[in-house]
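Welcome! Here is a short tour of a structure that may be new to you. Take a look at it first, and then read on.

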Amino acid sequence: MRGVTVPPLHSASLPGSATESTRERIQTEAARLFVASGYHGVSMREVAEAVGVTKPALYHHYADKEALFLAMLDGALATLARLVSHAREQRGIRSQLETLVRDLLDTAPEQRVGLQLASELRHISPERRAAFEGEYRRVWMGGLTRLLEEAAERGELRTDLPPSALNRALLGLTYPLVSGPPGPDPHGTARALLSVFFDGVTPR
């Protein structure tokens, strides 16, 4: 487990509260353990020991290991929601996607942890997994698709492909930026990939 670096994760508690601080420490240490050992390789006792709290104190914040695991994924999804919201503040689809990809790169360590945690979703109960996946599709996939739909309505994108297909193409181009180790010039690579995307979708 040594050498696994996990950025601080965001909690849903009130900002500045003692509860927020404890929850953030729990989620950060739990994420480090889950990334290193997988969902089944980590016990709540190990999380409590890593944080420096008792098991009863840990269960005060999270009812069980699934609840803790999903809280970390909810935090990663909240970050994606903020990225979509920030992109929406820009004018024009080029500026929106440039902002989105730049923000993805700026949060790349957190994105990598989120992707690694998401790969363990198969171990979660079907009901909880379905609920999270539905929220992911609504917030992230749906948010990006709406940006592309609105751009197409403004005449900024070609209309012979549905926005959902353009979204998949965009993610296929840009996800390697955050799913693997950073390259020597990630922002330059991002600009080049966005150029490839737009050269194929702008009206002619």
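## A residue in α5

Thr99 has its place in helix α5. This is a predicted model, in which local features need pLDDT of at least 70, side-chain atom pairs count only at pLDDT 80 or more, and totals for chains, interfaces and linings use all residues. Residues are numbered from 1 along each chain as its sequence is written, and side-chain values use heavy atoms, leaving out hydrogens and water.

Thr99 counts as buried because its relative accessibility is 4%, and buried means under 20% relative accessible area with a 1.4 Å probe, protein chains only. Setting aside neighbours within four places in sequence, Thr99 is in contact (heavy atoms within 4.5 Å) with His86, Ala87 and Gln90.

## The helix around it

Helix α5 covers residues 93–106. Its 14 residues reach 20 Å from first C-alpha to last, close to the 20 Å expected at 1.5 Å a residue; the expected span is 1.5 Å times one less than the number of residues. Buried residues of α5 include Ile93, Leu97, Leu100 and Leu104.

## The whole chain

Stepping back, the chain has ten helices and zero strands, where helices (H or I, at least four residues) and strands (E, at least two) are DSSP runs numbered from the N terminus. Of the 204 residues in the chain, 44% are buried. Among contacts with a separation of 6 or more, 68% join residues 24 or more positions apart.

Notes:
Buried < 20%, exposed > 50% of the residue type's maximum accessible area, 1.4 Å probe, protein only.
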